[in-house]
Amino acid sequence: MQSKIGMHRLIFPLLLLAILPGVLAAGSNRAGPSPAELAAGSEVVVLAQLDRTNYEKRRGFAVSGSAWARVLVSYKVPHPLDLVQIVEAGLGTDRCYFDDIVLWQEMPRFILFLNADETGRYQGNRATCRLDVLVTADHRYAVRWPQPGLNLVDDELHLVQELEFQGPRATIDASEMTSTRRQDTMSRYYMADESDGRLRYTRGILLEDFRALLGAENLTRDRLKRGR
């Protein structure tokens, strides 16, 4: 009898430990650093377009190598940057690797958060190294919402708009999804069904609005440093 009571006493705290993170997350407005915190913790914050990648892969996963991206807008830089190299090694969700891109496709754009390693080469910020940037039908840039690593509090959510996106990464292939997974994905990411096997993103923050979220104190004001 005592052994059963002891087992129950052991199980309860284990269950509590298992569910507590979920309870805390459900009651929290933010699951990670804000855009301003990311910018403050990064030496380089830029809007950039992926140029090419060169990775060593094992079993289809990148384990080391470099990516290069062309800088379109400099927000925070130590000196003018036109082409930035992002060097990574090892495995983990905090590593800054980019997906393979079909060569004939338009290359995707990102807000990059980078820091220099001990050799002076850039690596991704370990909290979040990139945010997807999409192009709207009227040729404006917007940071897609929602996406991993982009965490906002309630009074920042008013910047999220319904937008019509086009170009790379504006849609995903859902042709092999089950109906349940499709509905869950559409609900979770505010996606529209294109009726051709694709789902299209519909929410984002226009780039001029997102810039304010980075915090004025985290932006490079010197135009010579920005190279613009």
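Start with helix α3 by selecting residues 179–189 of this predicted model. Within α3, colour Arg 182, Thr 185 and Met 186, which are buried. Viewed around the axis, these residues lie on the same side of α3, because they cover an arc of only 95 degrees. An α-helix has 3.6 residues a turn, so residues three or four places apart point the same way.

Now turn to the face of α3 that points away from the buried side, and select Thr 180, Arg 181 and Ser 187, which are exposed there.

What do the buried residues of α3 pack against? Show β10 (171–173), β11 (191–193) and β12 (198–201), the strands they pack against.

Next, go to the largest nonpolar core, which has 22 residues. Select Val 44, Val 46, Val 84, Ile 86, Phe 98, Leu 112 and Leu 114, the members that touch the most others in this core.

Centre the view on Leu 114. Leaving aside neighbours within four places in sequence, Leu 114 has contacts that include Val 44, Val 84 and Ile 86. Also in contact with Leu 114 are Ser 42 and Glu 43, as well as Tyr 122, Gln 123, Gly 124 and Asn 125.

Last, select Ile 111, Leu 131, Leu 159 and Phe 210, which are among the 20 residues of a second, separate core.

Methods. Residues numbered from 1 in each chain as written. Predicted model: local features only at pLDDT ≥ 70, side-chain atom pairs only at ≥ 80, totals over all residues. Heavy atoms only, no water. Buried < 20%, exposed > 50% of the residue type's maximum accessible area, 1.4 Å probe, protein only. Helix = DSSP H or I, 4+ residues; strand = E, 2+ residues; numbered from the N terminus. Arc of directions from axis to C-beta. Contact = heavy atoms within 4.5 Å. Core = buried A, V, L, I, M, F, W, Y, C linked by side-chain atoms within 4.5 Å.
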